[in-house]
Amino acid sequence: MFQRIKQTLSRLSFRTGVIVLLCCIPCYILSFVQFALPFSASTKGVLWIVLFGLAKTTQYAGLTILGVEGVRRLKAHWKGRKKKEEHTTH
C-alpha cells in the first residue's frame, strides 16, 4: 500500500510538489502559534498534534512528489538566485 501511494505521488508534477511542500509552512506556524491562544491545555495538545501532523504529512508528500531530481532543481534554483543577488549588490 505504501509503495502504491509513493508511486501515485511521484507521478505528480514538479509545480505540484513545490506547492504541497510550501503548504507545510503555514501548518508549522499554526501548530506553534495556537499555544498563545486562550484554549485549555488538552485542546492545545490536540491542535498541536493535528497541525504538526498535517505539517509533516505535507512536507513528506511534497518531497515524495519532487523526488531526488526535483530537490536538486530547487537547490540549483536557490543557488542561482543567491548568486544573482550577490552580483547585483556588488
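Helices here are DSSP runs of at least four residues, numbered from the N terminus. In this predicted model, helix α2 spans residues 14-33 and includes isoleucine 25. With a relative accessible area of 44%, isoleucine 25 is partly exposed, a term that covers values between the limits of 20% and 50%. Isoleucine 25 also takes part in a nonpolar surface patch of about 360 Å², made together with Leu22, Ile29 and Val33.

Four aromatic pairs are found when the whole structure is searched. One of them joins phenylalanine 32 and tryptophan 48 in an edge-to-face arrangement, at 6.5 Å centre to centre and with 65 degrees between the planes. Because phenylalanine 32 belongs to helix α2 and tryptophan 48 to helix α3 (residues 41-89), this pair ties together parts that are 16 residues apart in sequence.

Phenylalanine 52 lies in helix α3, so its pairing with phenylalanine 32 of helix α2 ties together parts 20 residues apart in sequence. Phenylalanine 52 is itself partly exposed, at a relative accessible area of 22%. Through ring pairs, Tyr28, Phe32, Trp48 and Phe52 are linked into a cluster.

A ring also meets a charge in this model: arginine 73 lies over the face of phenylalanine 14, 3.8 Å from the ring centre.

Note on methods
Residues numbered from 1 in each chain as written. Predicted model: local features only at pLDDT ≥ 70, side-chain atom pairs only at ≥ 80, totals over all residues. Heavy atoms only, no water. Patch = residues over 30% accessible without salt bridge, like charges linked within 9 Å, V, L, I, M, F, W, Y side chains within 5 Å. Areas by Shrake-Rupley, 256 points an atom, 1.4 Å probe, with all protein chains shown as cover. Salt bridge = Lys/Arg side-chain N within 4 Å of Asp/Glu carboxyl O. Helix = DSSP H or I, 4+ residues; strand = E, 2+ residues; numbered from the N terminus. Buried < 20%, exposed > 50% of the residue type's maximum accessible area, 1.4 Å probe, protein only. Phe/Tyr/Trp six-rings, centres within 6.5 Å; stacked < 30°, edge-to-face > 60°. Lys NZ or Arg CZ within 6 Å of the ring centre and 35° of its normal.
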